[in-house]
Amino acid sequence: MSEKIKHFPGEELSGRDIREGKIPCIKHRPNVKYLWSAGIAMSRFVEGMKEGKIIGSKCVKCKRIMVPPRAFCEECFRPVDEYAPVKDTGTINTYSVSYVAGDASRIKEPILVAVIDIDGASKGMGILHLLGEISDWKQIKFGMKVKAVWKPSEEREGSITDIKYFKPFEEV
Ligand SMILES: [Zn+2]
């Protein structure tokens with residue numbers, strides 16, 4: 001029969017013990033300059049955004065092109081072999097019509113959000129972004145071709161928002 005341990009040996013510390021200096025404490029204010037590090041793969045991705053390119057990463061072993069890029073292939077657990085731009089066009093995989101804004105307030109004109117499978121990337125590789133230049137959301141179809149609408153180069157800052165939205169596009 002197993003019995004739950006109700007009391008571990010030793011003395012528990014409370015917040016009060018720390019405040020009152022019962023144990024040695026060091027106060028340190030870090031000189032934080034960045035909220036987070038983008039890492040190897042995402043850094044290449046956001047740098048590509050500045051240049052108006054969508055960067056993917058390639059695993060030669062399983063012949064996959066991943067977008068957004070990964071540093072490691074999650075199929076064969078090895079570092080990716082190269083980073084290269086893919087197209088800035090794609091296909092609507094799924095979408096959502098949202099009448100709720102980013103701050104949770106109600107809005108009259110819906111925000112159109114879609115997962116876009118990027119051309120040149122492997123199947124199922126896509127990014128979440130906005131759709132634009134669509135007068136009526138009922139025109140949106142699964143599998144519809146879309147193309148990135150980029151901010152002017154001088155306004156780009158290395159962010160996914162360097163793409164303003166994806167608009168419907170006819171392949172020629
Ligand atoms: Zn692989």
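Trainee: What share of the 172 residues in the protein chain is buried?

Mentor: A residue is buried if 20 or more other C-beta atoms lie within 10 Å of its own, exposed if 12 or fewer, and partly exposed in between, with C-beta atoms placed from the backbone. Here buried residues make up 19% of the 172 residues. This is a predicted model: local features need pLDDT of at least 70, side-chain atom pairs count only at pLDDT 80 or more, and totals for chains, interfaces and linings use all residues. Residues are numbered from 1 along each chain as its sequence is written.

Trainee: Which pattern does the protein chain follow along the sequence?

Mentor: Helices (H or I, at least four residues) and strands (E, at least two) are DSSP runs, numbered from the N terminus. The pattern here is α-α-β-β-β-β-β-β-β-β, that is, two helices and eight strands.

Trainee: In what order do the five strands of the open sheet lie?

Mentor: Two strands pair if DSSP finds at least two bridges between them. The order in this sheet is E6-E5-E4-E7-E8, with antiparallel pairing. Strands E6 (126–130) and E8 (163–168) stand at the edges with a single partner strand each, so one side of each has no neighbour in the sheet.

Trainee: How many bridges join strand E5 to E6?

Mentor: Five bridges join E5 (residues 106–118) to E6, and the two run antiparallel. Within this pairing, Ala114 stands opposite His129 in E6.
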